[in-house]
Amino acid sequence: MPRPRSDDKRAAIMAAATRIIAAQGLGAATAAIAKEAGVSNGSLFTYFDTKADLLNQLYLELKGEMGAAALGGLPAADARTQMLHVWSRWMDWATANPLKRRTLAQLQVSDEITASARESAHRTMTGIGEILERSRANGPMRDAPAALVFALSNALAEATIDYIIGDPDRADAHKQSGFDALWRMIG
């Protein structure tokens, strides 16, 4: 008979995986993740069939959390105002969660993340994609492939986040400068 699963243990495993992957990379052993979570390695596999399953679930959880943070409290407003809201909330989430950001960056380039998980994560970001599409509808990037626009926006966001982390006293100025650059590119 399978052991009952605990939401608290699953959350502990996910938090431990975030910390361990941020520190050691995707090659980190599941035993290290289990130890950090305070569970046995066997217990970890009660929650996740394989390490790849753990990585895919962690990817989905982190993308969902980031997307929810960016869209939380979205005002009913014009595209620029909504894009500024998403941008600001994205910056806030990333700077408040450096380990999650670092882990998500590694997961995003991992071959372990399945096409199905990537598609599911993409669906969780639909609201952001819709705002980005409305924002660029009449701008200089209107005819560029959406994936390119998103990749450029992400690169600009990562650079802005790095500046905010490196110079937190000027976080608001960096956030605004990054958004101004984004808006000139797409708006």
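Leaving aside its neighbours within four places in sequence, which residues is W90 in contact with? They are M66, A70, S153, N154, A157 and I161. Contact means heavy atoms within 4.5 Å.

## Basis of the model

This is a predicted model: local features need pLDDT of at least 70, side-chain atom pairs count only at pLDDT 80 or more, and totals for chains, interfaces and linings use all residues. Residues are numbered from 1 along each chain as its sequence is written, and side-chain values use heavy atoms, with hydrogens and water left out.

## The nonpolar core

W90 also belongs to the largest nonpolar core, which has 49 residues. W90 is among those with the most contacts inside this core, along with I13, I33, L54, M83 and I186. A nonpolar core is a set of buried Ala, Val, Leu, Ile, Met, Phe, Trp, Tyr and Cys residues joined through side-chain atoms within 4.5 Å. Buried means under 20% relative accessible area, exposed over 50%, and partly exposed in between (1.4 Å probe, protein chains only).

Helix α1 covers residues 7-24. Helices are DSSP runs of H or I with at least four residues, numbered from the N terminus. At 1.5 Å a residue, the 18 residues of α1 should span 26 Å, and its end C-alpha atoms are 25 Å apart, which agrees. The expected span is 1.5 Å times one less than the number of residues.

Buried residues of α1 are I13, M14, A16, A17, T18, I20, I21 and A22. They pack against α2 (30-37), α3 (41-47), α4 and α6 (98-108).

## α1 against α4

The axes of α1 and α4 are 11 Å apart, at an angle of about 90°. That makes α1 roughly perpendicular to α4. Axes are lines fitted to C-alpha atoms, for helices over the stretch in contact, and angles run from 0 to 180 degrees between N-to-C directions. Angles under 35 degrees count as roughly parallel, over 145 as roughly antiparallel, 65 to 115 as roughly perpendicular and the rest as oblique.

From α1, R10, I13, M14, A17, T18 and I21 meet L54, L55, Q57, L58, E61 and L62 of α4.

## α4 against α8

Helix α8 (residues 126-136) packs with α4 at about 50°, with the axes 9 Å apart. This pair is therefore oblique. G67, A70 and L71 of α4 meet G127, I128 and I131 of α8.

## A buried loop serine

S110 sits in the loop between α6 and α7 (115-124). S110 is buried, at 7% relative accessible area. Leaving aside neighbours within four places in sequence, S110 is in contact with L26 and R118.

Conventions: Helix = DSSP H or I, 4+ residues; strand = E, 2+ residues; numbered from the N terminus.
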